[in-house]
Amino acid sequence: MYLGQYRPVQDWQVVAVFAQRRLDPGVPMAYRGVEMSGQLQVVYLEELLEGSTDSIGVGILQVIMEREEQAQERVQQLIERVRGAGHPVRILELVEKVVVYKFSQMSREELEAMFTMEDLKQTRYIQDLIAEGEQRGKLEGKLEAIPKLVAAGIPLAQIAEILDLSLEQISQVVCDG
């Protein structure tokens, strides 16, 4: 329908993904030409688990689909392949996100065992967490100083300017204190 309606000028390909081969209903008669032209690729996720592959993308899918025990081993192999092949850090970030979602019950120490600390530090996710922690630490220090400055008789607007905080943040601390 899309091809008939929009008539794209660039080449196109259809990728059909099925969890298991038995769920594939087959190509409808009207689209047999697409199948014969090589523009249709069918992927069966269950079969991705069976073999080994050099594809990082398939490796990521395998991690998603496997049980936790096998997935942990595959993650380590995948990280080594990503690191060894000199892939950009964003590929490592994708692997990290998959791992964090797949193993959401794992502790920080368990996740660090899968990645080297250097790998983790390179990812944007961890860099953002570190920056957020540093900001939170600075903010907590500033918030602790507010009652002392108020007790010294410094006007709230001036405290906000000194600490580089909004007047609302200052007022909230004063009201809560």
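Helix α6 covers residues 89-102. At 1.5 Å a residue, its 14 residues should span 20 Å. The model is a predicted one.

The helix has a buried side. Ile 91, Leu 92, Val 95, Glu 96, Val 98 and Val 99 are the buried residues of α6. Viewed down the axis of α6, these buried residues fall within an arc of 160°, so they line one face of the helix. An α-helix has 3.6 residues a turn, so residues three or four places apart point the same way. On the face of α6 turned away from the buried side, the exposed residues are Arg 90 and Tyr 101.

The protein as a whole contains 11 helices and two strands. Along the sequence, the pattern reads α-β-α-β-α-α-α-α-α-α-α-α-α. The protein has 177 residues, and 24% of them are buried. Its accessible surface amounts to about 12600 Å². Carbon and sulfur atoms account for 53% of that surface. Contacts were also sorted by sequence separation. Among contacts between residues at least 6 apart in sequence, 53% join residues at least 24 apart.

With residues up to four places away in sequence left out, Leu 40 touches Val 14, Ala 16, Val 27, Val 34 and Glu 35.

Helix α10 spans 156-163, and helix α11 spans residues 167-176. Asp 164 sits in the loop between α10 and α11. Its phi is near 55°, a positive value in a residue other than glycine. Asp 164 has a relative accessible area of 64% and is therefore exposed, the cut-off being over 50%.

A nonpolar patch lies on the surface. Val 150, Leu 156, Leu 167 and Val 174 form this patch. Together they have about 260 Å² of accessible area. One of them, Val 174, lies in helix α11. Val 174 has a relative accessible area of 35%, so this residue is partly exposed.

Methods. Residues are numbered from 1 along each chain as its sequence is written. This is a predicted model: local features need pLDDT of at least 70, side-chain atom pairs count only at pLDDT 80 or more; totals for chains, interfaces and linings use all residues. Side-chain values use heavy atoms; hydrogens and water are left out. Helices (H or I, at least four residues) and strands (E, at least two) are DSSP runs, numbered from the N terminus. The expected span of a helix is 1.5 Å times one less than its number of residues. Buried means under 20% relative accessible area, exposed over 50%, partly exposed in between (1.4 Å probe, protein chains only). The arc is that of the directions from the helix axis to the C-beta atoms. Patches are made of residues with over 30% relative accessible area and no salt bridge: like charges are joined within 9 Å, nonpolar side chains (Val, Leu, Ile, Met, Phe, Trp, Tyr) within 5 Å. Accessible areas come from the Shrake-Rupley method with a 1.4 Å probe; for residues, only the protein chains shown count as cover. A salt bridge is a side-chain nitrogen of Lys or Arg within 4 Å of a carboxyl oxygen of Asp or Glu. Contact means heavy atoms within 4.5 Å.
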